[in-house]
Amino acid sequence: MLDLHSHSTRSDGRLTPTELVARASTCGVGTLALTDHDTTAGLPEAAAAACQYDMELVAGVEMSVTWRRRTLHIVGLAFDPDNPALADSLTRLQTIRAGRAEAIGAKLEKLGVRDAFDRASDIADAGQIGRNHFARVLIEAGFCDSFQKAFKNYLKPGRNGYVAVEWATLDSVIDAIHAASGLAVLAHPFGYRFSANWRRRMLGAFTGAGGDAVEVCTGTTNADEIRQMATQSTEHGLYASLGSDFHSPEQHWLELGRVARLPYGVTPVWEAPEFGTMASSRIQPQADDSCGS
Ligand code: AMP
Ligand code: MN
Ligand code: MN
Ligand code: MN
C-alpha cells in the first residue's frame, strides 16, 4: 500500500519522522512519502526509520505557491534532496514562512493572545512554523476549542489573524522540483474552495507550467470527487497520485494509508519513469544508522 502525502514534526505534523514511519508500518503502508511543508529536513531520519521497518521511503515535500492571489500546494516526489536549486527554493519559502509567522504573532497579540509568536515557535520547535501551531496556541489560550474553529475564526483568509504572503510562483516551484529530477504533484485539488471552473483553470495552469501529476485520492476525497479528478487527470495528461495528508493521530477521521485505490483508467504516478529511479535510489539514511548502506 502507498501513501504519498504525510507530515511530521519538521512542519505541522504531530509525530516525529521515526514515529510517523512506525505508525505507517503498523497501518500496512509499504511505500511512504514524507511531504513536510517547505522542508526536506525530516527525510534522513525518516529514511533511517524506513530502513528499520523495511519500508520504502520516497523523498517528498509540500511547497507553498501563490497563484492568482491564492495559495496552492505542490507536492514534490522522488527528487534528489541534495539538489541546490531545490534547496534554494526551499530556503526562500522558509524565509517567507518565518516572516509571516512574526506577522501572525503580532496580529494575534493585538487580539489579546499573549506571546503568540514565542508560544507558536516553542510548539513548532525545530520544524517549519505554520498556522497549525498558531491554532494550538489559540486553543491552549482558551480562544477556541478546536483546530477548525481556530482557522474559521482567526487564521483563514479574511480573519484577523490571517497574513497574506507571496509564496513562490507555480513555475519556479515546478522548475525546482524538475531540476532535482522529481515529479510535481498538485496537492488536494478539492482543498482550495474553487468553483469547478476555477479548478479547471488551476489544472490548466499547473499542466501548462509542466506539472506532472494530481492527487486523485486523498484522505478526505469522496467518490464523486475521485471520479471527477480521474477524468480530468487523463484529460490533462497528468499522472494520478494518492496520499492521506496525515498530520496527527488526533485527526481520527484520517489515517496513514487509508486512501481509496486509484480508479481504473488513470496512470499512477509511481509508474512514471522518474519515480522508479528516485524511489529505488532512496534517501541516504542518517550516518548512525546500522541499517544504512
Ligand atoms: P500554512 O502552510 O502554515 O498556511 O498551513 C496550512 C496547513 O494548515 C494545512 O496543511 C493544514 O494542515 C492546516 N489547515 C488549513 N486550513 C485548515 C482548516 N480549515 N482546518 C484545519 N486545518 C487547516
Ligand atoms: Mn499542514
Ligand atoms: Mn496542503
Ligand atoms: Mn499536506
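**The ligand site**

I began with H37, where a polar side-chain atom lies 3.0 Å from an oxygen atom of ligand 1. A reminder to myself: this is a predicted model.

R100 has a polar side-chain atom 2.6 Å from an oxygen atom of ligand 1. For R131, I found an N or O atom of the side chain 2.7 Å from an oxygen atom of the ligand.

Which residues surround ligand 1? I listed D12, H37, R97, R100, G130, R131, N132, F151 and H247. Sorted by class, this shell holds four charged, four polar and one nonpolar residue. I also asked which helices contribute, and noted that α3 (84-110) and α5 (131-140) each supply at least two residues of the shell.

**The cores**

The largest nonpolar core has 70 residues, and L32, I74, L77 and V216 have the most contacts inside it. Strand β3 (residues 56-67) gives this core its largest share, seven residues. I also found a second, separate core of 17 residues, with I104, L108, I129 and V137 among its members.

Leaving aside residues up to four places away in sequence, V216 touches T221, I226, M229, A230, S233, A240, S241, L262 and P263.

**Two residues compared**

S241 was on that list, so I followed it up. S241 sits in strand β7 (residues 239-243). Is S241 buried or exposed? I put it down as buried, because its relative accessible area is 1%, and the cut-off for buried is under 20%. Its contacts, again without residues up to four places away in sequence, are L4, L77, V185, V214, E215, V216, C217, L262 and V269.

Then I turned to A164, which I found in the loop between α6 (147-155) and α7 (170-179). Is A164 buried or exposed? A164 has a relative accessible area of 62%, so I wrote it down as exposed; the cut-off there is over 50%.

Conventions. Residues numbered from 1 in each chain as written. Chains lettered and ligands numbered in written order. Predicted model: local features only at pLDDT ≥ 70, side-chain atom pairs only at ≥ 80, totals over all residues. Heavy atoms only, no water. Near = heavy atom within 4 Å. Polar contact = N/O pair within 3.5 Å; in protein donor to acceptor, adjacent residues only side chain to side chain. Helix = DSSP H or I, 4+ residues; strand = E, 2+ residues; numbered from the N terminus. Nonpolar A, V, L, I, M, F, W, Y, C, P; charged D, E, K, R; others polar. Core = buried A, V, L, I, M, F, W, Y, C linked by side-chain atoms within 4.5 Å. Buried < 20%, exposed > 50% of the residue type's maximum accessible area, 1.4 Å probe, protein only. Contact = heavy atoms within 4.5 Å.
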